[in-house]
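Hi everyone, thanks for making time today. I'd like to walk you through one model, so please have a look at it first.

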Amino acid sequence: MTARKHAALPKARVLVEALPWLTRHHGKTVVIKFGGNAMVDDELKAAFAQDVVFLRHAGLKPVVVHGGGPQISAQLDRHGLVSEFKAGLRVTTPEAMDVVRMVLAGQVQRELVGLLNQHGPLAVGLTGEDAHTITAIKHYPQIDGELVDIGRVGEITAIDTGAIEALLEDGRIPVVSSIARAADDGHIYNVNADTAAAALAAALGAETLMVLTDVEGLYEDWPNSDDVISRLTATELEKLLPDLSSGMVPKMQGCLHAVRNGVHTARVIDGRVQHSILLEIFTDEGIGTMVVPDDVPGADDVPGALVAAVAVDTTGTAGTGGATANAGGAA
């Protein structure tokens, strides 16, 4: 009996450590951007689904937003279509947009909804097209001072949270594909998933935006050091933006948008670590990088090490002071 009690004690300690964070986050909305290795590795996908369902049963309201960079690139290749990126965004022809839509709504979302629903009738998939959840106009990035046409890539103009809020009220887990319909020309647009997650987090008044990445966080002085910056204010992040490579800019701008529009924290966490979401929210240490609004006085009310919305999807390296993270664009 004594041996059994001692064996169970570490589990009890873990639960006790989680208690203040459970109390703090109970009833709060958490928007999670799903991507990187967590999206293509079977064990990481399963662990991600377990984490999200755990959040739901712990009293939080998770909303998942996903792109699908690797899957889209693979499918474009099968169709003989070239994957090209400009200003960190995928050049999306009308033919490529058909593939993007098919992969995001018909493949990636279906698989993720299925993984979540192994644990109960919880997840409901939708795209930004549904119920006008995300509305966009054609986006023209600026490259070397010139506006460039990169096809069916959208810039978000409006968010309607009605459908998502109804699902959350019903105890469901919305899973949102980063596709939008335009109000002006009726076209369907590919929207950067990091940007979409940030916009939804702000519109929902979320407690936290979490972005799963393929790096530990934002490195302070890479490659000279692998120390991760644990905390940045919005102003500190804004000062770094001009030095970021193009693939990183949409991610960091999304993070900045979130914390300047009511989201309490935007966190970048390593999606290569199983159960990284639970480690980040429910432990004293935290495992990533966190961006906070300028008016947050200190880090005493947030778990350990965190910051930013550096993140995920497709190809390349980017950073500041050598900070690296997977670059990506519209999925």
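Let me begin with a term: a polar contact is a pair of N or O atoms within 3.5 Å, where, within protein, one must be able to donate a hydrogen and the other to accept it, and residues adjacent in sequence count only if both atoms are side-chain atoms. Before I use that, two housekeeping notes. This is a predicted model, in which local features need pLDDT of at least 70 and side-chain atom pairs count only at pLDDT 80 or more, while totals for chains, interfaces and linings use all residues. Residues are numbered from 1 along each chain as its sequence is written, and side-chain values use heavy atoms, with hydrogens and water left out.

Now to Thr 127. Its side chain reaches the backbone nitrogen of Glu 129 at 3.0 Å. Thr 127 sits in strand S5, residues 123–127; helices (H or I, at least four residues) and strands (E, at least two) are DSSP runs, numbered from the N terminus. Is Thr 127 buried or exposed? It counts as buried, because its relative accessibility is 8%; buried means under 20% relative accessible area, exposed over 50%, and partly exposed in between, with a 1.4 Å probe and protein chains only. Leaving out residues up to four places away in sequence, Thr 127 touches, among others, Ala 105, Gln 109 and Val 176, where contact means heavy atoms within 4.5 Å.

Next, helix H3, residues 69–78. Gly 69, Gln 71, Ile 72, Gln 75 and Leu 76 are buried there. They lie on the same side of H3, because they cover an arc of only 160° around the axis, the arc being that of the directions from the helix axis to the C-beta atoms. Asp 77 and Arg 78, on the other side of H3, are exposed. What do the buried residues of H3 pack against? Strand S4 (89–90) and helix H4 (94–117). After H3 comes Gly 80, with a positive phi near 75°.

On to the inside. A nonpolar core here is a set of buried Ala, Val, Leu, Ile, Met, Phe, Trp, Tyr and Cys residues joined through side-chain atoms within 4.5 Å. The largest has 42 residues, and Ile 32, Phe 48, Leu 116, Ile 277 and Phe 282 touch the most other members. H4 gives the largest share of this core, eleven residues. Apart from it lies another core, of 35 residues, including Ile 164 and Met 252.

Grid points are joined across faces, edges and corners, and a volume is the space filled by probe spheres set on the points.

The largest pocket holds about 570 Å³. Of its 23 lining residues, His 139, Glu 155, Thr 195, Pro 250 and Gln 253 are the closest to its centre. Strand S9 (154–159) gives the most to that lining, with six residues.

There are also two cavities of 30 Å³ or more, and the largest cavity has a volume of about 60 Å³. Its lining includes Phe 48 and Ile 277, and H2 gives the most, with four residues.

Terms used
1 Å grid on protein atoms, 1.4 Å probe; cavity = no way out; pocket = protein on both sides within 12 Å on 5 of 7 lines; lining within 4 Å.
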